[in-house]
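The sequence and structure come first.

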Amino acid sequence: MIRSDNFSNSSEPLKNSHKLLTEKPWKLILSMSIPSMFAMLSTAIGSIVGSFFIARDISALSAAYPIQALMTAFAIAVGIGSGSALSRAIGQGDEALTKRTAAGGTALILGTLLPVTALGIAAAFLLPAVFDLNAEEVDGAKIYLIIISAAFPMTAVHTVFNRIAVSEGVTVPPMIAAISGTAVTVAIDFLLFNVETPLSGMAKLGVADAVGQGVTLIAALIIAKRLPITPFIDKRYLPDKKVFAEIIKVSLPSAVQNGIDAMFSTALNAILGGAAIAFYGAFYKVRQQALTPIYGLNQGTVPILGAAFGNGDKARFKKVFVISSSIALGIAAAVTIAAECSADKLLNLFDITEEVNYFRILAGGFVPAAAALMISAAFVATGQGGKAMALNLLRGAGIGIPAALILRNLPTGYTWIALAAAEFVAVAIFIPIAVKSYKNTPLKAGQKKQK
């Protein structure tokens with residue numbers, strides 16, 4: 001929780017009440033979340049389209065994916081931490097603090113670009129060896145990772161800038177930026193895969209992704225210049241160590257969680273073998289698409305909850321959480337029905353005809369996953385990144401990896417059943433934790449708990 005006594009007393013008050021604090025919850029949730037949903041959906045569609053083009057190289061893409069996801073997850077973690085701290089600062093009504101916080105997110109991502117990019121390129125020569133791939137697939141995974149790693153600085157900056165924009169209540173321009181980048185990526189995919197070039201399929205996919213990231217970055221920079229609270233570093237509002245601490249206490253747990261999640265498929269492959277990872281890779285892509293509206297709702301709700309927290313408005317915090325969670329559960333129920341009814345057709349898209357029943361079992365975890373994502377949003381909004389991390393790790397690797405190790409000599413279906421059960425177990429454990437946290441945490445920055 002941000003405490004007002006952690007910062008200098010020279011802060012200027014915000015000139016006007018922010019819409020995050022004044023607009024009706026229903027209207028605000030929809031106006032914040034729907035653009036975020038479309039932005040994420042466009043990204044997910046771009047990923048699926050790319051997968052169709054290199055269907056025969058799906059194993060190479062599965063090998064490259066964990067590192068790509070790990071790097072992207074790091075940028076998202078910095079963006080999540082920056083956005084959480086910024087929305088709480090907005091709730092406090094401290095203009096100088098908001099400017100230092102936005103600049104802090106930018107400084108943090110810029111300071112880590114070089115080492116993360118270098119690690120991504122190094123991993124291109126190491127990770128494919130973990131998978132049971134032929135020489136052509138290994139080469140494909142390597143070249144794709146090198147291209148994606150080289151493009152990471154563009155990905156990282158636009159990810160953080162767009163998160164900061166959303167945390168200020170600006171959602172439509174970042175959506176347009178994301179859709180524009182995806183449209184360019186898909187267009188270049190179509191171009192490269194329909195003309196004769198010396199590039200391999202994985203190289204074409206990497207080039208298309210990198211150009212798309214560049215377009216999104218250009219759009220994000222244009223948007224950033226027009227934000228009320230600009231993310232550009234201003235010597236008048238330099239971030240201090242306490243600003244960084246507020247960002248890192250959410251970003252670090254998020255980075256750890258996302259890092260473990262990104263390597264989850266690699267661990268499953270090492271334990272269960274290539275056939276299992278091909279099936280899980282196909283399910284994971286469908287799952288990401290199915291839950292995209294929930295991720296968008298999560299992203300759009302966090303700033304509203306964070307501002308209410310910073311402002312000490314407990315009634316608004318509760319109302320926003322109840323409304324957004326109800327929407328999330330309704331969407332999850334609908335996509336669960338759709339996935340159960342079309343499981344065979346969805347797997348056929350990836351040339352997988354077996355294990356349809358296991359796909360249906362895993363899809364049964366969509367509803368508790370939605371509940372977990374909204375509980376996680378409340379934790380992130382209030383600066384409790386550690387609890388959000390624990391909840392999301394328990395949903396995946398916390399139960400999935402031990403189950404895979406214990407059940408490795410049995411049919412892989414038992415592991416898929418354990419993964420579906422993990423969604424229910426995690427929510428059952430964390431609902432009482434969330435309720436207790438809500439009751440015991442003072443909902444005002446700087447406010448001390450009453451004895």
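A residue counts as buried when its relative accessible area is under 20%. Ser51 has 3% relative accessibility, so Ser51 is buried. The model is predicted, and the protein chain has an average pLDDT of 85.

**Confidence**
- A pLDDT of at least 70 is reached by 90% of the residues.
- Residues 1-16 stay under 50 in pLDDT, and the model gives them 46 contacts beyond four places in sequence.
- Residues 445-451 also have a pLDDT below 50, with 14 contacts in the model beyond near neighbours in sequence.

**Surroundings of Ser51**
- Helix α2, which spans residues 25-53, contains Ser51.
- Beyond its neighbours within four places in sequence, Ser51 contacts Leu61 and Lys285.
- Leu61 is 10 residues from Ser51 along the chain, and their C-alpha atoms are 8.1 Å apart.

**Packing of α4 and α9**
- Helix α4 (residues 95-124) packs against helix α9 (residues 241-262) at an angle of about 65°, with 9 Å between the axes.
- The crossing of α4 and α9 is right-handed.
- On the α4 side the contact involves Leu97, Arg100, Thr101, Gly104, Gly105, Ala107 and Leu108, and on the α9 side Val243, Phe244, Ile247 and Ile248.
- Seven of these contact residues are nonpolar, three are polar and one is charged.

**Salt bridges**
- Side chains of opposite charge can pair when their charged atoms come close.
- The structure has seven salt bridges.
- Arg88 pairs with Glu246, with 3.1 Å between the closest N and O atoms.
- Because Arg88 belongs to helix α3 (residues 58-92) and Glu246 to helix α9, this pair ties together parts 158 residues apart in sequence.
- Arg88 and Glu246 are both buried, and a network of salt bridges links Arg88, Glu246 and Lys249.
- Glu95 forms a salt bridge with Lys99, the closest N and O atoms being 3.5 Å apart.
- Both Glu95 and Lys99 lie in α4, four residues apart, or about one turn of the helix.
- Glu95 is buried at 13% relative accessibility, whereas Lys99 is partly exposed at 23%.
- Arg395 and Glu423 form a salt bridge with their closest N and O atoms 2.7 Å apart.
- Arg395 is in helix α17 (residues 385-395) and Glu423 in helix α19 (residues 413-440), so the pair ties together parts 28 residues apart in sequence.
- Arg395 is buried with a relative accessible area of 8%, and Glu423 is buried with 7%.

Notes:
Residues numbered from 1 in each chain as written. Predicted model: local features only at pLDDT ≥ 70, side-chain atom pairs only at ≥ 80, totals over all residues. Heavy atoms only, no water. pLDDT = per-residue confidence, 0-100. Contact = heavy atoms within 4.5 Å. Axes fitted to C-alpha atoms, helices over the stretch in contact; angles between N-to-C directions. Helix = DSSP H or I, 4+ residues; strand = E, 2+ residues; numbered from the N terminus. Left-handed = near helix turned anticlockwise from the far one by under 90°. Nonpolar A, V, L, I, M, F, W, Y, C, P; charged D, E, K, R; others polar. Buried < 20%, exposed > 50% of the residue type's maximum accessible area, 1.4 Å probe, protein only. Salt bridge = Lys/Arg side-chain N within 4 Å of Asp/Glu carboxyl O.
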